[in-house]
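Work through the exercises below with the structure open. Try each task before reading its solution.

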Amino acid sequence: MAGEAGHNINGEYRNQIMVRCTQLPAWQVLQEHQWEIARLHMRDLFSADPKRFERYSLRLDDILFDYSKNRITHSTLEHLFDLARQAGLPEKIAAMFRGDKINLTENRAVLHIALRNCSNRPILVDGTDVMPGVNRVLTQMRYFSDAIRSQEWLGYTGKPIANVVHIGIGGSDLGPKMVVKALTPYCRPELKVHFVSNVDEADLVEVIKNLDRETTLFIVASKTFTTQETMTNALSAREWFMAGVKDKEAIAKHFVAVSTNAEKVEAFGIDTKNMFEFWDWVGGRYSLWSAIGLPIAVAIGMDGFKELLAGAHKVDEHFRTSPLERNIPVIMGLLGVWYNNFFGAQTQAILPYDQYLDFLADHLQQADMESNGKSVDIDGKRLDYDTGPVIFGQAGTNGQHAFYQLIHQGSKLVPCDFLAAAHSHHKLAGHHEALLSNFIAQTEALMRGKTTEEAKAELMAEGVPEDRLDKLSMAKTFPGNKPSNSFLYHSLTPETLGALIAFYEHKVFVQGAIWNINSFDQMGVELGKQLAKTVLKDMMEDKLVDSHDSSTNGLLNYYKSLRSR
Ligand code: F6P
C-alpha cells in the first residue's frame with residue numbers, strides 16, 4: 001500500500017518505512033540503556049560535567065535552545081541519533097522538502113515549507129512548481145491587507161473597516177488566533193481582529209454584539225468550506241449583516257473567503273475575486289502560513305507577516321541542512337520519543353513565560369495531537385507502541401499556581417518546554433525580571449529537586465519540632481530529575497515567533513517519522529462529525545429516540561424533555 005500511494009517516493013525511503021521502530025537495533029539498545037539512565041540524577045550529571053550546558057545547548061541566531069536539563073548522556077544522544085538514521089529520518093525530511101506525496105492516505109504532498117520558502121527555490125508537485133501560485137496569493141494578501149489598513153477598502157456606506165471577524169475552526173483558527181495574540185504589540189489599536197470558531201452561538205454573538213455592520217468585515221476561512229461550525233457561523237454572520245443592509249451587493253465589501261474550494265465559496269455568495277486560494281498540500285494545522293494567515297497580515301501588516309514567514313524559513317533551512325546532532329527540531333523530537341517510549345511519559349507541557357503566548361499550547365495541541373494521535377502505521381498496521389503525547393500548557397506564571405504541583409511532586413513524568421523573551425514589550429518596573437526569574441528557577445527546581453535531608457535541614461532551621469520533622473520533610477521533598485527544554489530569545493518578534501512555531505512543526509514531523517505514522521491526515525475527527533448528523537436529525541424529530549444505545553437514547557430523550565419545558 002505504501003508503495004502504491006507513495007509512487008514518487010524513492011525505493012530507499014519506502015523500504016525504510018516498512019520497518020517498525022521497535023524492531024530497529026537502536027530501539028533495542030535504547031531499551032537497555034534506559035535502565036542505566038533511570039538510575040542517574042541530573043544533579044549528578046551537572047556536577048560531573050561543568051560544561052554540560054555548553055555541550056547540550058544550541059543557538060539559531062538569538063534563539064537559544066537549552067536541552068541540558070534532560071535525562072541524557074552522550075551515549076543516549078548517540079543512540080537516539082542512530083534511531084533517527086535507522087528510521088530513515090534524513091530521507092523522510094528530504095522527501096517532504098522535495099514535495100513527495102508523504103501524506104499517503106490522502107495521496108498529498110506536505111508543503112507548508114513552500115508557503116514560507118523565501119528563497120523561491122522551485123518546489124514541484126506533480127511536475128509543477130508551486131512557488132508562482134504561493135507568490136501570487138502573497139501579493140493578493142498584500143493588496144488586501146494594505147487596502148484595509150490604509151482605509152482604502154471601504155464598507156458599503158463608504159466607511160473604513162474597523163473590525164475584522166475571522167470565522168474558522170481548528171487549523172483555520174488556532175494558528176492565526178495564536179499569532180495575532182502573540183503579536184499584539186505590533187497591531188494597530190484602531191483595527192480590531194476578532195476570532196469566532198465555536199458553533200456555540202455565544203461565540204459569534206459575543207463578538208458581533210458591539211460591532212457596526214458598516215465597518216465590519218468577515219473573513220470566512222475553511223479549507224473545505226464545508227465544516228459545520230464555520231458554515232453555521234458564516235451563515236449567521238451573513239444574516240446579521242444583511243438584516244441591516246438592503247443591497248445584496250454590499251456583501252462583496254464585507255465578506256472575503258479563504259479556501260481551497262472555489263465552488264463552495266461561490267455557492268455561499270462570496271465573489272471568487274474576494275477569495276484567497278490555498279492548496280490541498282497545506283494541512284489545516286500547518287496553514288497559518290498560507291492565506292489562512294490573512295487576519296495576521298491585516299493585524300500586523302504584510303511586512304510583519306513576511307517576517308513571520310522568514311523566521312519559519314530560517315528554521316526550515318536549519319532542519320533541512322543541519323546534521324542530526326545539531327538540528328534543534330530533531331533533538332526536540334528525539335527527546336520526546338525518549339520520554340514517551342522509554343520512560344512511559346504520556347504528556348508534554350508547553351510553558352511560555354509570556355502572556356502574549358497564551359494560545360501557544362492550544363495551537364500546538366492541534367499541531368501535535370491531530371498529527372501524531374495515531375494508532376496505525378503508514379502501512380495500516382496496528383501499533384504496539386505509544387505515539388503522540390497529550391499536549392497541555394499555559395502561560396507562566398499562572399500555571400505555577402495551577403498544575404506545577406503535579407509536575408514537581410506527582411507520580412507522572414511530565415517533560416516541560418519553557419519559552420521566554422529576554423525583553424518585554426512593556427516597561428513596568430519589576431515585572432519582567434520577576435517573570436524570567438520564575439522561568440529560570442522552575443527549570444532549576446525541576447532538575448535539582450530537594451532531598452529529604454535538605455528539606456529536614458530547612459525545617460530545623462525554622463524551628464519545627466522534632467516530632468514533626470520526618471513527616472513534614474517527606475512532604476517537602478522534591479524528587480527533581482524532571483526534564484525540561486528551554487527556549488530563550490531576545491524578544492518576541494514576528495520572525496522569532498515564526499521560528500518557534502516551525503521548530504514545533506518539525507518536532508512533530510520527526511516523531512511521526514520515527515513512529516512510522518502519517519502525521520498529515522486526521523481520520524480520527526470524522527466519526528464524531530458523522531454521528532452528529534444522525535444525532536441532529538434524531539434531535540429535531542418530535543418523538544422519543546430508541547435507535548441508539550441506552551445512554552445516547554437517554555441523553556437525547558432527556559434533552560427533548562428539557563427543551564419542551
Ligand atoms: O478538526 C478537523 C479539521 O479537519 C482540522 O484538521 C481542520 O483544521 C479543521 O477541521 C477545519 O477544517 P476546514 O478548514 O476545512 O474548515
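The exercises that follow concern a predicted model.

**Exercise 1.** Find the helix that holds H313, and decide whether H313 is buried or exposed.

Solution. Start with the place in the chain: H313 belongs to helix α16, residues 302-321. Next, take its relative accessible area, which is 12%. Buried means under 20%, so H313 is buried. Finally, look for contacts beyond the neighbours within four places in sequence: H313 touches R116, N117, C118 and S119.

**Exercise 2.** Classify C21 and C187 by accessibility, then count the disulfides.

Solution. C21 has a relative accessible area of 1% and is buried. C187 has 22%. Buried requires under 20% and exposed over 50%, so C187 is partly exposed. For the count, a disulfide needs two cysteine sulfur atoms within 2.5 Å. By this rule there are 0 disulfides.

**Exercise 3.** Describe the aromatic pair formed by Y56 and Y67.

Solution. The structure holds 27 aromatic pairs. In one of them, the ring centres of Y56 and Y67 are 5.8 Å apart, with 50° between the planes. Planes under 30 degrees apart count as stacked and over 60 as edge-to-face, so this pair is tilted. Y56 sits in the loop between α5 (52-55) and β1 (57-60), and Y67 in the loop between β2 (63-66) and α6 (74-86), so the pair ties together parts 11 residues apart in sequence. Both residues are buried: Y56 at 5% and Y67 at 4% relative accessibility.

**Exercise 4.** Which ring does R238 lie over?

Solution. R238 lies over the face of F268, at 4.6 Å from the ring centre.

Definitions and conventions:
Residues numbered from 1 in each chain as written. Predicted model: local features only at pLDDT ≥ 70, side-chain atom pairs only at ≥ 80, totals over all residues. Heavy atoms only, no water. Helix = DSSP H or I, 4+ residues; strand = E, 2+ residues; numbered from the N terminus. Buried < 20%, exposed > 50% of the residue type's maximum accessible area, 1.4 Å probe, protein only. Contact = heavy atoms within 4.5 Å. Phe/Tyr/Trp six-rings, centres within 6.5 Å; stacked < 30°, edge-to-face > 60°. Lys NZ or Arg CZ within 6 Å of the ring centre and 35° of its normal.
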